[in-house]
Amino acid sequence: KLPIKFLGLTKSQIKKSLNFSYNLNSSVYDTSYHILAKAHGATFLTCDKEYFEKAKEYGDIDYLE
């Protein structure tokens with residue numbers, strides 16, 4: 001009963017996510033959420049310091065300790 005909205009990636013976003021993953025040597029899982037956040041004007045929140053350090057230059061990401 002929670003108003004949870006499920007969002008999928010477009011073909012373009014999937015391609016961006018795969019490229020992001022390759023360029024950052026990171027998982028598609030992390031990059032997919034990051035790309036989705038960017039596409040919706042949101043900030044991707046992560047506790048993964050390694051991913052944060054690799055991806056922070058792309059913006060729209062915050063590290064949670």
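The legends below accompany close-up views of a predicted model.

**View 1. The packing of helix 1 against helix 2.**
In this predicted model, helix 1, which spans residues 11-24, packs against helix 2, which spans residues 28-39, at an angle of about 130°, and the two axes lie 8 Å apart. Helix 1 and helix 2 are therefore oblique to each other, an angle of 65 to 115 degrees being required for roughly perpendicular and one over 145 for roughly antiparallel. The crossing of the two helices is right-handed. From helix 1, the residues that take part in the contact are Gln13, Lys16, Ser17, Leu18, Phe20, Ser21 and Leu24, and they meet Val28, Thr31, Ser32, His34, Ile35, Leu36 and Ala39 of helix 2. By class, the residues of this contact divide into 7 nonpolar, 6 polar and 1 charged.

**View 2. Glutamine 13 within helix 1.**
Glutamine 13, a residue of helix 1, has a relative accessibility of 13% and therefore counts as buried, the limit for that class being under 20%. When residues up to four places away in sequence are not counted, glutamine 13 touches Gly8, Ile35, Leu36 and Ala39.

**View 3. Asparagine 25 in the loop between helix 1 and helix 2.**
Most residues other than glycine have a negative phi. Asparagine 25, by contrast, has a phi near 55°, which is a positive value in a residue other than glycine. Asparagine 25 is found in the loop that lies between helix 1 and helix 2, and, with a relative accessible area of 65%, asparagine 25 is exposed.

**View 4. The salt bridge between lysine 38 and aspartate 60.**
Side chains of opposite charge can pair when their charged atoms come close. A search of the whole structure finds 3 salt bridges, and one of them joins lysine 38 to aspartate 60, with the closest N and O atoms 2.9 Å apart. Lysine 38 lies in helix 2, whereas aspartate 60 lies in the loop between helix 3 (49-55) and strand 2 (61-63), so the pair ties together parts that are 22 residues apart in sequence. Both partners are partly exposed: lysine 38 has a relative accessibility of 29%, and aspartate 60 has a relative accessible area of 35%. The backbone of aspartate 60 also deserves a note, with a phi near 60°, a positive value in a residue other than glycine.

**View 5. Salt bridges of glutamate 50 with lysine 54 and of glutamate 53 with lysine 56.**
Glutamate 50 forms a salt bridge with lysine 54, in which the closest N and O atoms are 3.4 Å apart. Because these two residues are 4 residues apart in helix 3, they are separated by about one helical turn. Glutamate 50 counts as exposed at 55% relative accessibility, whereas lysine 54 counts as partly exposed at 24%. The side chains of glutamate 53 and lysine 56 also meet in a salt bridge, with a distance of 2.9 Å from N to O. In that pair glutamate 53 counts as partly exposed, at 38% relative accessibility, and lysine 56 is likewise partly exposed, with a relative accessible area of 43%.

**View 6. Alanine 55 and its surroundings.**
Alanine 55 is found in helix 3 and, at 0% relative accessibility, counts as buried. Leaving aside neighbours within four places in sequence, alanine 55 is in contact with Leu24, His34 and Ile61. The C-alpha atoms of alanine 55 and threonine 31, which are 24 residues apart along the chain, are separated by 8.7 Å.

**View 7. Phenylalanine 44 in strand 1.**
Phenylalanine 44 has its place in strand 1, which covers residues 44-46, and is buried, with a relative accessible area of 11%. Not counting residues up to four places away in sequence, phenylalanine 44 touches Asp30, Tyr33, His34, Ala37, Tyr51, Asp60, Ile61 and Asp62. The C-alpha atoms of phenylalanine 44 and glycine 59, 15 residues apart along the chain, are separated by 9.1 Å.

Terms used:
Residues numbered from 1 in each chain as written. Predicted model: local features only at pLDDT ≥ 70, side-chain atom pairs only at ≥ 80, totals over all residues. Heavy atoms only, no water. Axes fitted to C-alpha atoms, helices over the stretch in contact; angles between N-to-C directions. Parallel < 35°, antiparallel > 145°, perpendicular 65-115°, else oblique. Left-handed = near helix turned anticlockwise from the far one by under 90°. Contact = heavy atoms within 4.5 Å. Nonpolar A, V, L, I, M, F, W, Y, C, P; charged D, E, K, R; others polar. Salt bridge = Lys/Arg side-chain N within 4 Å of Asp/Glu carboxyl O. Buried < 20%, exposed > 50% of the residue type's maximum accessible area, 1.4 Å probe, protein only.
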